[in-house]
Amino acid sequence: MQVTTAIIIDDEPAAIQKLKIELNRVGVDLLGSVTNPLQSTEFIKEKNPDLVFLDVQMPQESGIEVLKDIVTAELECTVIMVTAFNDFMLDAFRNLAFDYLLKPVDTLELKKVVERFKVNRF
């Protein structure tokens, strides 16, 4: 069975830690995290994750802008938006986000999204 890998892009270290625990619970291998959205595309290129868990509201650059950068750079990863706000859902999907999870991330919801990713990946 192939291991699913991920990175987290979020400006809040506490949110990264909580999501890291949830990813571990659902069997996703975390390759790392970045708190500065301006470093996102380079970090994705370096780590080459299957999944990118991307916060929406961050200083310097929003998660939607990072998502657009990922699409423009044609990076081969699947982006799941993670935020406390559902106001950006339409923008996320219009810019090719795979899914949209609300904080705090529920283990069951996360597991469903990861399983759906695995089914669609092959």
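Q: In β3, which residue is the bridge partner of isoleucine 8?
A: Two strands count as paired if DSSP finds at least two bridges between them. Strands (E, at least two residues) and helices (H or I, at least four residues) are DSSP runs, numbered from the N terminus. Here the partner of isoleucine 8 in β3 is phenylalanine 53. β1 and β3 run parallel and are joined by four bridges. The model is predicted: local features need pLDDT of at least 70, side-chain atom pairs count only at pLDDT 80 or more, and totals for chains, interfaces and linings use all residues. Residues are numbered from 1 along each chain as its sequence is written, and side-chain values use heavy atoms, with hydrogens and water left out.

Q: In which sense do β1 and β2 pair, and over how many bridges?
A: β1 pairs with β2 (residues 28-34) in the parallel sense, over six bridges. Alanine 6 stands opposite leucine 30 in β2. The chain passes from β1 through helix α1 (residues 13-25) to β2, and this β-α-β crossover is right-handed. Right-handed means that, with the strands pointing away from the viewer, the path from the first strand over the helix to the second runs clockwise.

Q: Which way do the residues of β1 point?
A: In a regular strand the side chains alternate between the two faces of the sheet. In β1, Thr4, Ala6 and Ile8 point one way, whereas Thr5, Ile7 and Ile9 point the other way. Six of the six residues of β1 are buried, so the strand is largely enclosed by the rest of the structure. Buried means under 20% relative accessible area, exposed over 50%, and partly exposed in between (1.4 Å probe, protein chains only).

Q: How many residues does the largest nonpolar core have?
A: A nonpolar core is a set of buried Ala, Val, Leu, Ile, Met, Phe, Trp, Tyr and Cys residues joined through side-chain atoms within 4.5 Å. The largest one has 20 residues, and Ile44 and Val52 are among those with the most contacts inside it. β1 (4-9), α2, β3, α3 (63-72) and β4 (78-83) each supply at least two residues of this core. α3 gives the most, with four residues. A second, separate core of 17 residues includes Ile16, Leu51, Val105 and Val113.

Q: What does isoleucine 44 touch?
A: Contact means heavy atoms within 4.5 Å. Not counting residues up to four places away in sequence, isoleucine 44 touches Ile7, Ile9, Pro49, Val52, Ile70, Leu75 and Cys77.

Q: Which residues have a positive phi although they are not glycine?
A: Most residues other than glycine have a negative phi, and most peptide bonds are trans. Asparagine 48 has a positive phi of about 50°, and glutamate 74 has one of about 55°. Asparagine 48 is in the loop between α2 (40-47) and β3 (51-55), while glutamate 74 is in the loop between α3 and β4. Asparagine 48 is exposed, with a relative accessible area of 54%; glutamate 74 counts as exposed at 69% relative accessibility. Leaving aside neighbours within four places in sequence, asparagine 48 is in contact with Thr5 and Glu76.

Q: Where is the peptide bond from lysine 103 to proline 104, and is it cis or trans?
A: The bond from lysine 103 to proline 104 is cis, with omega near -10°. Proline 104 is in the loop between β5 (99-102) and α5 (107-121).
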